[in-house]
Amino acid sequence: MAALPACIVPMIYVLKETKDVPLASTKEQCSEIWNTVCSRAVWQPMGFVYLYNVLQVGNAAWKQFLKTVLGFTSNQLNSLLIVAYVLLWLGIIAYKKFFITWSWRSVYVSTTLLNGVFSALQILLIKGITFGLSPFLFALGDDAFADFIGGIQFLPTTIMMVHLCPSGSEGASYAMFTTMSNSAYSLSAAFSTLLLGVWDVSKEAMEKGELSGMINLTALTTIIQVSGVLFVGLLPRTKEELASLHADSGRSKIGGFIFLFVTLSSVLYSLVVGVLNIIAPGWAGES
């Protein structure tokens, strides 16, 4: 299995590559990036991406519940992960085939509400209400289809980021945009860890059958996730509206500074939390 990724190496030779392209200096690229993030056409939609992603706070105790209470084996947990990745890919294909004509706002609103429904179904699973399905199949629907919805949301965000990149600094700009998006996900994971201390969702509590904390935590994280739609007004409806915003908007040094400060601060905070989780487990009050 470890050798399988090496199978793509021969395909590198068929990639189209433009050689001997003049490159701007590092100073010029940094200046171009600064001018880019100061544009309202950049910090407004990317502000939505950041706020939306940081609100996708998951239930960090969910996998422990599946293993401790429902008795899922390692193979079953791995199966959930495999199916989730497959459905993530299918979600990307589904957007390209069926939803590409939808406005970006419509895509985010509909998928967020649908994701809220699947997330709320986890409460039924905690209470043992599965409508005759096995707990594994019920959990498969909850977990895997959430990734399918994430796949649908992936392409609109990527398309928007590509159209935000200035000519000559496409690589650096796109890397910065994806860093901001990914750092928000990392921050949401850190928040999910902090929420473990709000209610008792420890393994010991689960073994005793005390699941009220799991129900409360699942309800809270569902509400937080769905609240992302409150900021959808920051998102342009289409790439044409984004281009219009790019042409008409002014520049704000404050907006650019906030953009960079939030991105770097999120990365730093996620690193600190990750290190603390390794060297001092339970520092946030979780078990």
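This is a predicted model: local features need pLDDT of at least 70, side-chain atom pairs count only at pLDDT 80 or more; totals for chains, interfaces and linings use all residues.
A nonpolar patch lies on the surface. Its members are Ile8, Val9, Met11, Ile12, Tyr13, Val14 and Leu15. Together they have about 830 Å² of accessible area. Val9 belongs to the segment before α1 (26-37). Its relative accessible area is 43%. Val9 therefore counts as partly exposed, since that class lies between the 20% limit for buried and the 50% limit for exposed residues.

Helix α9 covers residues 212-226. At 1.5 Å a residue, its 15 residues should span 21 Å. The C-alpha atoms at its ends are 21 Å apart, in agreement with that expectation. Buried positions in α9 are Gly213, Met214, Leu217, Thr218, Thr221, Thr222 and Gln225. Viewed down the axis of α9, these buried residues fall within an arc of 160 degrees, so they line one face of the helix. Ser212 and Ile223 are exposed and sit on the face turned away from the buried side of α9. The cover over the buried residues of α9 includes α3 (62-68), α5 (104-126) and α8 (203-207).

Phe259 is part of helix α11 (residues 253-279). Its relative accessible area is 3%. Phe259 is therefore buried, as the cut-off is under 20%. Leaving aside residues up to four places away in sequence, Phe259 touches Val37, Val42, Trp43, Met46, Met176, Phe177 and Met180. Asp200 lies 59 residues from Phe259 along the chain. The C-alpha atoms of Phe259 and Asp200 are separated by 36 Å.

Terms used
Residues are numbered from 1 along each chain as its sequence is written. Side-chain values use heavy atoms; hydrogens and water are left out. Patches are made of residues with over 30% relative accessible area and no salt bridge: like charges are joined within 9 Å, nonpolar side chains (Val, Leu, Ile, Met, Phe, Trp, Tyr) within 5 Å. Accessible areas come from the Shrake-Rupley method with a 1.4 Å probe; for residues, only the protein chains shown count as cover. A salt bridge is a side-chain nitrogen of Lys or Arg within 4 Å of a carboxyl oxygen of Asp or Glu. Helices (H or I, at least four residues) and strands (E, at least two) are DSSP runs, numbered from the N terminus. Buried means under 20% relative accessible area, exposed over 50%, partly exposed in between (1.4 Å probe, protein chains only). The expected span of a helix is 1.5 Å times one less than its number of residues. The arc is that of the directions from the helix axis to the C-beta atoms. Contact means heavy atoms within 4.5 Å.
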